[in-house]
Amino acid sequence: MLERKYRILMQTPIGDRAGTLEVQIEQNKIHGYLDMLNHSEPFVGSIDEEGCCCIRGRLITLMNTIPYTASGHITPDSLHLLLKGGRHLFPITGVLYP
């Protein structure tokens with residue numbers, strides 16, 4: 001099993017939000033935790049050999065709980081995801097946590 005942690009920024013209409021994304025990869029499955037907005041929530045999904053992935057989970061904000069799906073690319077050094085929650089799209093970028 002491969003484990004990594006990334007420092008991430010999610011672009012939102014009210015400004016960038018910082019957090020972390022911890023991933024565990026085993027064969028074509030990916031799971032872990034998205035830690036953002038003072039909440040740590042699990043996610044699950046799939047990933048291929050090139051790092052293309054699709055994950056699903058939920059974000060908890062001050063006002064709502066938002067189910068999401070996110071797709072993009074995860075490499076050993078960085079990640080780029082597009083998170084879709086409801087009718088909103090939030091780009092996420094990240095670098096490997098030192």
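Predicted model: local features only at pLDDT ≥ 70, side-chain atom pairs only at ≥ 80, totals over all residues.
The chain contains eight strands and zero helices, and its elements follow one another along the sequence as β-β-β-β-β-β-β-β. The radius of gyration is 12 Å, close to the 13 Å given by the globule rule for 98 residues, so the chain is as compact as a globular protein of that length. Along the principal axes, the C-alpha trace spans about 35 × 25 × 20 Å. Of the 98 residues in the chain, 36% are buried.

Strand β1, formed by residues 2-12, takes part in two of the pairings described here. With strand β2 (residues 15-26), β1 runs antiparallel and is joined by eleven bridges.

The largest pocket has a volume of about 330 Å³. Its lining is made up of 14 residues, of which Thr12, Ile14, Leu37, Thr61 and Ile66 are the closest to the centre. By residue class, the lining comprises nine nonpolar, four polar and one charged residue.

The count of salt bridges in the model comes to one. This contact is formed by the side chains of Glu41 and Arg58, with an N to O distance of 2.8 Å. Glu41 belongs to strand β4 (residues 39-47) and Arg58 to strand β5 (residues 52-60), so the pair ties together parts of the chain that are 17 residues apart in sequence. The two partners fall into separate accessibility classes. Glu41 has a relative accessibility of 10% and therefore counts as buried, the cut-off for that class being under 20%. Arg58, in contrast, has a relative accessible area of 40% and is partly exposed, because this value lies between the 20% limit for buried residues and the 50% limit for exposed ones.

Definitions and conventions. Residues numbered from 1 in each chain as written. Heavy atoms only, no water. Pairing = 2+ DSSP bridges. Helix = DSSP H or I, 4+ residues; strand = E, 2+ residues; numbered from the N terminus. 1 Å grid on protein atoms, 1.4 Å probe; cavity = no way out; pocket = protein on both sides within 12 Å on 5 of 7 lines; lining within 4 Å. Points joined across faces, edges and corners; volume = space filled by probe spheres on them. Nonpolar A, V, L, I, M, F, W, Y, C, P; charged D, E, K, R; others polar. Salt bridge = Lys/Arg side-chain N within 4 Å of Asp/Glu carboxyl O. Buried < 20%, exposed > 50% of the residue type's maximum accessible area, 1.4 Å probe, protein only. Rg over C-alpha atoms; globule rule 2.2 N^0.38 Å.
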